[in-house]
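Me: I am new to reading protein structures. Could you walk me through this one, feature by feature?

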Amino acid sequence: MCAISQLPFDHLWPDSAEIRDHRLVIAGCDIGRLAAQHGTPLTVFDEATIVNAIAAYKNGLGAYSAERSIHYAAKALLNTAIAQLMLREGIGIDVVSLNELALVRHAGVDLARVHFHGNATPSAELAQAMAWGVGCLIIDNLSQLTSVIALSHRLQQPQAVMLRVAPDVVAGGHAHIQTGHKASKFGMPPDAIGSAIDQLNAAPGLQLIGLHAHIGSQIRDSEPLVAMVDCLLDIAHSEHDRVGWQIQELCVGGGLAVPTSATEQPVSIAAYCDRLVSKVAEACAQRRLTLPRLSIEPGRSLVARAGVAVYTVTGSKPRADAPDFLHVDGGMGDNIRPSLYNTSYEALRVDSADVPAVSNYAVAGRYCESADVLIKSVALPPTRPGDLLAVPAAGAYTLSMASNYNGIGRPAVLLLRNGVAHLIQRRETAIDLALPGQLHSICQIGFSPCRYCPSQPSIV
């Protein structure tokens, strides 16, 4: 019989994570064995954690007495398998580029259930999205509205649109993820919405169905949410009185906070939904508005805690007045958030997950930047080269913001379900990074025969 121990900072780990015989196990899969099989850096996702989070949102919105919908904010993490998982769970998706839209289309998602965002989207991408039948365009600014109106004359059927409002509400964690204040690059100020509605009323190819706002990420306080709802419904009420416009959909974005360090506490999805539902119902009643469809766009809160990053310790460096460095084989190339947003993470020895921590270490990455420090201080048992470290709550905005800096490929990704690990994104290789155009150009230099292009010389 195996011994099962309590996980430290257990609120950061996937729902299925546990310690068996001192080793980290997720969804019945031994993480050390997966690392040996697939190499590191490696990111693993617990499918059950994603499914459970979706169910929590569905249950939380169940008290709303009109239509409601959930759209996964795909910028948090997107590949074919994740898109198909959202499809299977019956929720929509929101995207911010034509390539994201093409990916979800390839995955079999009905584009009628997709929101298409973007503040500076090229006209060609907008045109293709409308030609493919995207469910709703979220128009960010008056300049973009002009482009969409020009493109709408080609359409056979009217295109549904919503207007993104910048309600001048400050919310979220780091300043870089606060998106609802008046100085933000996103959204229209409330006093511009009337002009936008007048232009849309004169554009028969477009159908204005609602208002949208997304005020920031890592939101813990409900008061900014309340202020945003009031702002949007004030606009809806004013425009109903002015021109008779009836709001059909109210989209409040996403942004619910997810902890990444032991000192941060989780925010309840149920409490968030309850506050949102009650506020919208109350605000509509006060303004004598018919309840619109209520839509939300969670991203981080669906996938962050499901994802765990796994690294191999490659070396160490002692320091006199600070925790010793542990060097790992990943870093800012697969998780730029510590250097960009000062995000704090925890770590665990994969094969000694319940061994008492006796030393503080700093975990530094392999990239040629001083800012490439994943964790400034974390308590671990004695750790040496060859040991594996697991970093929880690493599922959102890590892989989607990953890069090939220093010519290093992005990690493999596994989706774990009932003891089986499914490879949903393979590790990038040197061939992936050497684009055909680059190969052709370097092959003209006149070096030895090229192993990629046998008919050409190469520098390889």
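**Reading sheets, helices and a buried loop residue**

Reply: Happy to! Four strands form an open sheet in the order β1-β2-β3-β4, and their pairing is antiparallel. β1 (4–5) and β4 (29–30) stand at the edges with a single partner strand each, so one side of each has no neighbour in the sheet. Keep in mind that this is a predicted model.

Me: What holds strands of a sheet together in general, and how do β2 and β3 pair here?

Reply: Strands of a sheet pair through backbone hydrogen bonds, either parallel or antiparallel. Here, strand β2 (residues 18–20) and strand β3 (residues 23–26) pair in the antiparallel sense over three bridges. To find the pairing on screen, look for Arg 20, which stands opposite Arg 23 in β3.

Me: Which strands make up the closed barrel, and what is their pairing?

Reply: The closed barrel has eight strands, running β6-β7-β8-β9-β10-β11-β12-β13, with parallel pairing. On average, neighbouring strands of this sheet are turned by 30 degrees against each other, direction ignored. Helix α8 (residues 223–243) packs on the sheet, where it touches β11 (206–212) and β12 (249–251). The direction of α8 makes about 145 degrees with that of β11. Helix α5 (residues 123–132) lies across β8 (114–116), β9 (136–139) and β10 (159–164), and runs at about 160 degrees to β8.

Me: Now the helices. At what angle do α2 and α3 pack?

Reply: Helix α2 (residues 47–61) and α3 pack at an angle of about 40 degrees, and their axes are 11 Å apart. Angles under 35 degrees count as roughly parallel, and α2 and α3 are therefore oblique to each other. The crossing of α2 past α3 is right-handed. To see where they meet, show Glu 47, Ile 50, Val 51 and Ile 54 in α2 against Ile 82, Leu 85, Met 86 and Arg 88 in α3.

Me: How does that work for α4 and α5: at what angle do their axes cross?

Reply: The axes of helix α4 (residues 98–106) and α5 cross at roughly 25 degrees and come within 10 Å. That makes α4 roughly parallel to α5. α4 passes α5 in a left-handed crossing. At the contact, Leu 98, Leu 101, Ala 102 and Arg 105 in α4 meet Glu 125, Gln 128, Ala 129 and Trp 132 in α5.

Me: One last thing, a single residue. Where is Val 350, and is Val 350 buried or exposed?

Reply: Val 350 sits in the loop between β16 (348–349) and β17 (359–364). Residues count as buried under 20% relative accessible area, and Val 350 is buried because its value is 1%. Leaving out residues up to four places away in sequence, Val 350 touches several others, including His 22, Leu 24, Ile 31, Val 310 and Leu 388. For a sense of distance, compare Pro 167: from Val 350 it is 183 residues away in sequence and 45 Å away in space, C-alpha to C-alpha.

Methods: Residues numbered from 1 in each chain as written. Predicted model: local features only at pLDDT ≥ 70, side-chain atom pairs only at ≥ 80, totals over all residues. Heavy atoms only, no water. Axes fitted to C-alpha atoms, helices over the stretch in contact; angles between N-to-C directions. Helix = DSSP H or I, 4+ residues; strand = E, 2+ residues; numbered from the N terminus. Parallel < 35°, antiparallel > 145°, perpendicular 65-115°, else oblique. Left-handed = near helix turned anticlockwise from the far one by under 90°. Contact = heavy atoms within 4.5 Å. Pairing = 2+ DSSP bridges. Buried < 20%, exposed > 50% of the residue type's maximum accessible area, 1.4 Å probe, protein only.
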